[in-house]
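Hi,

Here is the structure I promised to pass on. Please open it first, then read my notes below.

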Amino acid sequence: MPYDSPVRVRFAPSPTGQLHVGNARTALFNWLLARGSGGTFVLRIEDTDVARSTRESEAAIIEDLEWLGLTWDEGVERGGDRGPYRQSERLHIYRAHAVELLSRGLAYRCFCPPEQLEMDRYHALKDRRPPKYIGRCREISPEDARRRAESGEPAAIRFRIPDNRDVTFNDLVRGEVTFNTDVLGDPVIVRSEGVPAYNYAVVIDDALMEITHVVRGEDHISNTPRQILLYEAFGWKPPTFAHVSMVLGPDHSLLSKRHGATSVAEFRARGYLPEALTNYLALIGWSPGEGQEIVPIDELARRFRLEDVGHSAGVFDVEKLGWVNRHYVKHATPDRLLELALPHLRRAGYAEAPTPEAVSYLATVIPLVTASVDRLDQIPARLGFLFDYSAERALSDSAVRAEAQASRPVISALAEVLASGEPLHDRDAFRTAVARVRERTGAKGKTLLHPIRLALMGEPEGLELDLAVPAITRGAALGAAGIRPISSPAERAAALDRVLGALASDEAVPSPE
RNA sequence: GUCCCCAUCGUCCAGAGGCCUAGGACGCGGCCCUUUCAAGGCUGAAACCAGGGUUCGAAUCCCUGUGGGGACGCCA
């Protein structure tokens, strides 16, 4: 049995910006572990960086977690009996524990001004020494230190790291890891403003919140020995640690903004589905086995084991995310698709304020293009043939224009047939019209359909005409129903024929070029 | 610089000494379908970082090297 007691895990973001997909993956792994084992998932906000933390970021992160479906049982906005869950509201707790450490001589006051520390660091780096705190204030007597602090001299509190000791822990994903304390340097646990520092606050919180498994990014692995020493100082049993590998960009550096979208919010805005993102994120550094790739989140929770998480960093592959997303888009219900696609259509200016009729029209037309789309924000472009028809633009490519000019008879015939015939409400009506054009011109195959496509859709490629033409016809019948008006097939054919006619008479006159 | 972690196709994973002439997925190429582009189906190319051990036998274990990543902060 992998986990003897009920698992309590946590995700502890600092509200200093958007939720990064790498952190989202960490949150996901925690969530999967909790859900898969009937454990508890705690959300704690680490807002001890007063300068950078904002309530806006906190709200944004919470929104993203909820959107992803990574619900938490205990924590901010949900409560629980081990709160408060915002570190800025736990200052008294940190203070009390720091006083204890101080009185036991396990911590000491440090009066080194920040500028001094910066210099130390600079020189250490220059002399190729580890840039750790050199311990200048280590030996100040507690009495002196207290006097200086009470006289108003700014003092941080540092934790005393013992000399030359091996600290070993058994990492659930990496196995046994050992650090010697000599590489460590005494960390600040309480800043001179009285606010706790990360390495200290996490320990207090994880211990008091009874976290059993600390699952976090590999970038924290070298913080672990310091934290273990802190647990020991308080006589607490450290949790089990599990450091999951990092997520990299295509160039193998840490995934960052210069690689493009990195935040959950951006992916949401681009029209990725939450289940696609969680599914894909789970696939970085882990595999459900049996060659399966498309696995819904509940199933992931059932199969996920920390022991199976890979050891090496993984490159974030937008292409594969796109593939996963496409899968979920294809399987989404029409209603949901409509709801999700509407904002994108609005932004494109295609559907500012659609009437109920227009909405039900859009509901029929959106599924036509979803199979060919990786993201929902690509839907407007795929639907451009409806809202954005222009005979002039259809002919802007010279090769296309040449073909169209050669096919002018087909286009003229089409314009005539459509001017007098029935609207092309369905595919049979369309095929009948095509047959008439064929009879009149003798054209068939490509020479028949290519010009017709160009005339009706304004594009040499795209959706099947059998599907597109009825959609155009029905859209045109709608008029201006809070959407951008759609011109009818008859109007389109006439327009293209007219432009082609103008072109022909222009060319009859020798051009000055 | 010091310490820590890591190392299988371009990418993500499978592989826990013989089942490996290394498997799957994304992507890429080809073919099919099709009036077009996609989608879909089929198919192909593509990897065990190097060198030493251990062993009858190593992608799998050990060592060294190399490469990549992380950390060393009054950021988290």
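Helices (H or I) are DSSP runs of at least four residues, numbered from the N terminus. Keep that in mind for the labels below. Also note that this is a predicted model.

First, the RNA. Around RNA strand B there are 66 residues, and the closest are Arg121, Arg174, Arg191, Ser222 and Gly285.

Which helix gives the most to the surface near RNA strand B? The answer is H11, with 5 residues. Helix H11 covers 318-331. Other elements that give two or more residues include helix H4 (114-126), strand S7 (175-180) and helix H20 (446-457). By class, this surface has 25 charged, 23 nonpolar and 18 polar residues.

The one from cysteine 112 sits 2.9 Å from a base nitrogen of RNA strand B. For lysine 320, the partner is a sugar or linking oxygen of RNA strand B, at 3.2 Å.

Now the inside. The largest nonpolar core holds 146 residues. Phe316, Leu362, Leu383, Leu386 and Leu496 have the most contacts inside it. Helix H1 (residues 21-37) supplies the largest share of this core, 9 residues. Apart from this core lies another, of 8 residues, including Cys110 and Phe111.

Take leucine 496 as an example. Beyond its neighbours within four places in sequence, leucine 496 is in contact with Tyr389, Ala391, Ala394, Leu395, Ile411, Leu454 and Ala455.

Best wishes

Key:
Residues numbered from 1 in each chain as written. Chains lettered and ligands numbered in written order. Predicted model: local features only at pLDDT ≥ 70, side-chain atom pairs only at ≥ 80, totals over all residues. Heavy atoms only, no water. Core = buried A, V, L, I, M, F, W, Y, C linked by side-chain atoms within 4.5 Å. Buried < 20%, exposed > 50% of the residue type's maximum accessible area, 1.4 Å probe, protein only. Contact = heavy atoms within 4.5 Å. Near = heavy atom within 4 Å. Polar contact = N/O pair within 3.5 Å; in protein donor to acceptor, adjacent residues only side chain to side chain. Nonpolar A, V, L, I, M, F, W, Y, C, P; charged D, E, K, R; others polar.
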